[in-house]
Amino acid sequence: MKVATFNANSLRSRLHVVVPWLQTQAPDVLCLQETKVQDVDFPHEALRPTGYHCVFRGEKKYNGVAILTKSEPQDVAFGFDDEPLDAARLARARVGPCLIVNTYVPQGQDRQLPAFQYKLDWLGRLRTYIERHARPDEPVLWMGDLNTAREAKDVYDPDRLWGHVCYCQEVQEALKGVMDWGFVDVFRQHCDEPGHYTFWDYRMPKALERNLGWRLDYIMATPPLAKRCRTCWIDRPARALAKPSDHTFLVAEFDI
DNA sequence: ATGGTCGGCAACCGA
């Protein structure tokens, strides 16, 4: 099974990347975040040639998640149980034997603002949600833009960036709170080096060329799946380079 | 140096 995650930063403006990527990489599952499209405007026609099943929940301008699958997904649901808020940040579906959880974790804006506490609380609610819907001895994949750099080697300048909402003790502990349930960061299982990033801020001049990046996107697997993870890599397709999006694809293959 | 540029969508907000 091959799975991938990509923060699209507008699905409609990234169709020239996503459609060819699906056709050449042919993953079983692609999780998208920041689709930035209301459900009524979802680009069905553009995606039809790929043959993928699409389940999605969007908002007018912000957020939005989608799960694209080769086989028909089962038990699809959006948002936290019985909570109307943030349905466009959390999607889940059963694909074959796997439970897929796709999240766009709130960025947090600034540590002094309520948005940051909301981010920490959000990760706490996610832990409760996962406890309710899954068991760590089952095949579960938690994927997406987690807006958290786990370690110093996950950012280009750890000394200067320490204290950022995506790289500080509070957020790392909140993420660990979810991982402690039973998730393995499968990219780190295969690669221990610094300098492998999934996000480059395009407000910084030549951030991509200078590799001034962050590792904010993850594929987290429960132990029975992590044991069967053959490879995990960061894929930045040439089409994305032509008009750079700020995130890139993260891909993993499992022997199941 | 505490900036910068996108995307949505029509004035700023979020990242």
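Colleague: How many helices and strands are there in chain A?
Modeller: Bear in mind that this is a predicted model. Chain A has both kinds of element, and the tally comes to eight helices and 14 strands.

Colleague: And how compact is chain A for a protein of 256 residues?
Modeller: Its C-alpha atoms fill a box of roughly 45 × 40 × 40 Å along the principal axes. The radius of gyration is 17 Å, close to the 18 Å from the globule rule, so chain A is as compact as a globular protein of that length.

Colleague: What share of the residues in chain A is buried?
Modeller: To count as buried, a residue needs 20 or more other C-beta atoms within 10 Å of its own. Of the 256 residues in chain A, the share that is buried is 43%.

Colleague: How do helix 3 and helix 5 pack, roughly parallel or roughly antiparallel?
Modeller: Helix 3 covers residues 114–133 and helix 5 covers residues 169–179, with their axes 8 Å apart. The contact includes Leu120 and Leu123 of helix 3 and Val171 and Leu175 of helix 5. The angle between the two helices is about 5 degrees. Angles under 35 degrees count as roughly parallel, so helix 3 and helix 5 are roughly parallel.

Colleague: Which residues are closest to DNA strand B?
Modeller: There are 15 residues around DNA strand B. By class, that surface has four nonpolar, five polar and six charged residues. The closest ones are Ser10, Ser13, Lys36, Gln107 and Arg203.

Definitions and conventions:
Residues are numbered from 1 along each chain as its sequence is written. Chains are lettered from A and ligands numbered from 1 in the order in which they are written. This is a predicted model: local features need pLDDT of at least 70, side-chain atom pairs count only at pLDDT 80 or more; totals for chains, interfaces and linings use all residues. A residue is near a molecule or strand if its C-beta atom, placed from the backbone, lies within 6 Å of it. Ala, Val, Leu, Ile, Met, Phe, Trp, Tyr, Cys and Pro count as nonpolar, Asp, Glu, Lys and Arg as charged, and the others, Gly among them, as polar. Axes are lines fitted to C-alpha atoms, for helices over the stretch in contact, and angles run from 0 to 180 degrees between N-to-C directions. Helices (H or I, at least four residues) and strands (E, at least two) are DSSP runs, numbered from the N terminus. Angles under 35 degrees count as roughly parallel, over 145 as roughly antiparallel, 65 to 115 as roughly perpendicular and the rest as oblique. Two residues are in contact if their C-beta atoms, placed from the backbone, lie within 7 Å. The radius of gyration is taken over C-alpha atoms; the globule rule is 2.2 Å times the number of residues to the power 0.38. A residue is buried if 20 or more other C-beta atoms lie within 10 Å of its own, exposed if 12 or fewer, and partly exposed in between; C-beta atoms are placed from the backbone.
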